[in-house]
Amino acid sequence: MSKINRLLVGCASLILGLALYGGAAAGPLDAPGYAKAFSCSACHGFAGASAADTVPVLAGMPSWYLKKAIQDYAAGKRPAAEMESYSKMVLELGVDDVAAYFAGQKKQPTPVKADPAAVARGKAASTQCVVCHGPEGKGDPAKGIPDLTGQPPGYLKNQMLLFKADRRSPGDETLKALKALMRTIPDEAFGDLAAYYSSLR
């Protein structure tokens with residue numbers, strides 16, 4: 001049985017189990033948009049509470065940011081083979097509903113623990129990031145700058161490396177200054193910055 005078929009069988013079994021269990025205390029299952037967002041749980045965890053080091057937490061993510069990410073993945077502006085097909089599916093299902101669903105879930109910071117020494121080094125190195133992401137790492141929605149806090153350290157590190165190599169949103173003029181900054185940072189420092197922002201709540 002192929003990986004996709006196993007995933008489909010697993011999803012079907014879970015749906016059947018939930019149906020048999022009933023709706024009592026269903027919580028996130030009752031939220032509008034859940035049915036459209038269900039397929040995302042295979043990688044991003046139930047209700048977007050990712051437990052993986054390299055997969056972002058979607059629970060509590062602002063709808064504007066998630067919507068832009070989906071659109072960019074689907075259009076190839078944010079190249080990622082594993083996300084492009086899913087993003088196109090989300091656009092077909094209704095990206096506004098999916099984004100609103102995850103935005104409505106309580107944020108569950110990553111359970112991945114960062115090395116305290118790396119966190120300390122990252123905090124010291126984060127002064128150059130404060131201008132955009134703020135002193136608490138919460139970002140600035142008005143400027144399209146996301147909240148970094150509580151995301152998995154592996155995911156944050158990978159995104160910084162993609163920015164540095166211009167492999168995330170290549171050619172995007174709005175990210176030119178960010179990418180220029182990333183090129184001034186040694187690769188080994190990204191792990192520390194990622195650990196610091198992941199540790200913030």
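Modeller: Helices are DSSP runs of at least four residues, numbered from the N terminus. Please note that the model is predicted. In this numbering, helix 8 covers 130-133 and helix 9 covers 153-164, and Gln-151 lies in the loop between them.

Biologist: Is Gln-151 buried or exposed?

Modeller: Buried means under 20% relative accessible area. Gln-151 has a relative accessibility of 7%, so Gln-151 counts as buried.

Biologist: Which residues does Gln-151 touch, not counting residues up to four places away in sequence?

Modeller: Contact means heavy atoms within 4.5 Å. On that basis, the partners of Gln-151 are Pro-56, Val-57, Met-61, Thr-110, Leu-156 and Ser-198.

Biologist: What is the volume of the largest pocket, and which residues are closest to its centre?

Modeller: The volume of the largest pocket is about 950 Å³. Its lining comprises 40 residues, with His-133, Ile-145, Pro-146, Phe-163 and Leu-178 the closest to the centre. Helix 4 (63-75), helix 8, helix 9 and helix 10 (176-182) each give two or more residues to this lining. By class, 23 lining residues are nonpolar, nine polar and eight charged.

Biologist: Which helix gives the most to the lining of the second largest pocket?

Modeller: Helix 5 does, with seven residues. The lining of this second largest pocket divides into 21 nonpolar, seven polar and four charged residues.

How values were computed
Residues are numbered from 1 along each chain as its sequence is written. This is a predicted model: local features need pLDDT of at least 70, side-chain atom pairs count only at pLDDT 80 or more; totals for chains, interfaces and linings use all residues. Side-chain values use heavy atoms; hydrogens and water are left out. Buried means under 20% relative accessible area, exposed over 50%, partly exposed in between (1.4 Å probe, protein chains only). On a 1 Å grid over the protein atoms alone, a cavity is a set of points where a 1.4 Å probe fits but cannot get out, and a pocket is an open set with protein on both sides within 12 Å along at least five of seven lines; lining residues have an atom within 4 Å of a point. Grid points are joined across faces, edges and corners, and a volume is the space filled by probe spheres set on the points. Ala, Val, Leu, Ile, Met, Phe, Trp, Tyr, Cys and Pro count as nonpolar, Asp, Glu, Lys and Arg as charged, and the others, Gly among them, as polar.
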